[in-house]
Amino acid sequence: MDKRTAALLAAFGASLIYAINHTVAKGVMPTYIKPFGFILLRVVGAAILFWLASIWAPKQKIKKSDWPRIIACAIFGMVINMLMFFKGLQLSTPINSSVMITVSPILVFILSAILIKEKITFLRTLGILLGFSGALGLILFGAELRQDAPNIPLGNTLFIINAASYALYLVLVKPLTAKYHSITLMKWFFLIGVVINFPLTISEFNEVQWTSLPLDVIWVMVFVVIGTTFFTYLLNVFALRTLKASTIGAFIYLQPLLAISFAMAMGADSLSVVKVLSALLVFLGVYLVTRSPKNKNLG
């Protein structure tokens, strides 16, 4: 398997885990754990896992000049991004969350062109627009009414902030992936994330009745820490070593499709002509953005 194929599979794997997370994480909030409490659990759990994993990773020292970017990545990727998404998920719906974040690839595309001078091509632009159109179709014609979504407009606004923060994280982290091992980056990102998140999240974390949690809720928490946090961030940073930031961003368009597919598998959704057409637009958009260019330097 070549590096590009492995990177694309890693990006797809991260999107699949995120898609499942939209539904399973929503199911335990705020009954068993509030969103900010969940974030502290995520960052502490992931920090422990990455520092343990670093025992077997290459030993690297961070250059002094890279620390401002390291701290910025932690703020946008492990603090603002996570807090806004989980709070938005409590207030809105899983389908809304999976589609609202599709503004992220457009932001990644724009920021990449401005900050790290990624080449803008007609096919990439067309792919972004097609993918966005498909994702928009999924939300406009797949509306969901839920009693556990108390403030959908505010929740959707938080999803947009989440998407912007994640887009900036992808662009900021790209240059670092060429210098440092994925584990090295993640262990520092999440340690800084723990320090910054702690005062904001400790009160909700302390409200959790840990001794009375049902087993299925515990499994969801384990999935969010190990799958949605440890593996997804590791997979995306691995993919960024080979792919452009805008290419990774385009995989976010798969999340509405995967999220609805998961909901269908659980018996909570059904197919329609609009959903099929929207899905085809999503696939076409991702293909155009991720296709290997003739000039490998344009990746």
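I began with secondary structure and counted 12 helices and zero strands in the chain. I kept in mind that this is a predicted model. Reading along the sequence, I noted the pattern α-α-α-α-α-α-α-α-α-α-α-α.

**Burial and contacts across the chain**

Next I looked up how much of the chain is covered. Of its 299 residues, 54% count as buried. The chain exposes about 13,500 Å², and I found that carbon and sulfur atoms supply 71% of that area. I then turned to contacts between residues at least 6 apart in sequence, and 92% of them join residues at least 24 apart.

**Met82**

Met82 sits in helix H3, which runs over residues 67-91. Is Met82 buried or exposed? I have it down as buried, because its relative accessible area is 1%, under the 20% cut-off.

Which residues does Met82 touch, once neighbours within four places in sequence are set aside? My list reads Ile39, Arg42, Val43, Gly77, Phe190, Thr229 and Tyr233. I also checked Met82 against Asn162, which is 80 residues away along the chain; their C-alpha atoms are separated by 7.1 Å.

**Salt bridges**

A reminder to myself: side chains of opposite charge can pair when their charged atoms come close. How many salt bridges does the structure hold? I found two.

One joins the side chains of Lys34 and Glu207, at 3.0 Å from N to O. Lys34 lies in the loop between helix H1 (3-26) and helix H2 (35-53), and Glu207 in the loop between helix H8 (182-206) and H9, so this pair ties together parts that are 173 residues apart in sequence. I looked up the exposure of both partners: Lys34 counts as partly exposed at 34% relative accessibility, and Glu207 is partly exposed as well, with a relative accessible area of 42%.

The other salt bridge is between the side chains of Asp66 and Lys179, at 3.1 Å from N to O. Asp66 is in the loop between H2 and H3, and Lys179 in the loop between helix H7 (152-177) and H8, so the pair links parts that are 113 residues apart in sequence.

**A nonpolar patch**

On the surface I came across a nonpolar patch formed by Leu215, Ile218, Trp219, Val222, Ile226 and Phe231. Together these residues have about 570 Å² of accessible area. I looked at Phe231 in particular and placed it in helix H9, residues 215-240. Phe231 counts as partly exposed, because its relative accessibility is 39%, between the 20% and 50% cut-offs.

The largest cavity holds about 260 Å³ of space. Which of its 22 lining residues are the closest to the centre? I wrote down Tyr18, Asn81, Ile101, Tyr166 and Gln255.

I then sorted the lining by helix. H1, H3, H7 and H9 each supply at least two residues. H1 gives the most, with six residues.

Terms used
Residues are numbered from 1 along each chain as its sequence is written. This is a predicted model: local features need pLDDT of at least 70, side-chain atom pairs count only at pLDDT 80 or more; totals for chains, interfaces and linings use all residues. Side-chain values use heavy atoms; hydrogens and water are left out. Helices (H or I, at least four residues) and strands (E, at least two) are DSSP runs, numbered from the N terminus. Buried means under 20% relative accessible area, exposed over 50%, partly exposed in between (1.4 Å probe, protein chains only). Contact means heavy atoms within 4.5 Å. Accessible areas come from the Shrake-Rupley method with a 1.4 Å probe; for residues, only the protein chains shown count as cover. Patches are made of residues with over 30% relative accessible area and no salt bridge: like charges are joined within 9 Å, nonpolar side chains (Val, Leu, Ile, Met, Phe, Trp, Tyr) within 5 Å. A salt bridge is a side-chain nitrogen of Lys or Arg within 4 Å of a carboxyl oxygen of Asp or Glu. On a 1 Å grid over the protein atoms alone, a cavity is a set of points where a 1.4 Å probe fits but cannot get out, and a pocket is an open set with protein on both sides within 12 Å along at least five of seven lines; lining residues have an atom within 4 Å of a point. Grid points are joined across faces, edges and corners, and a volume is the space filled by probe spheres set on the points.
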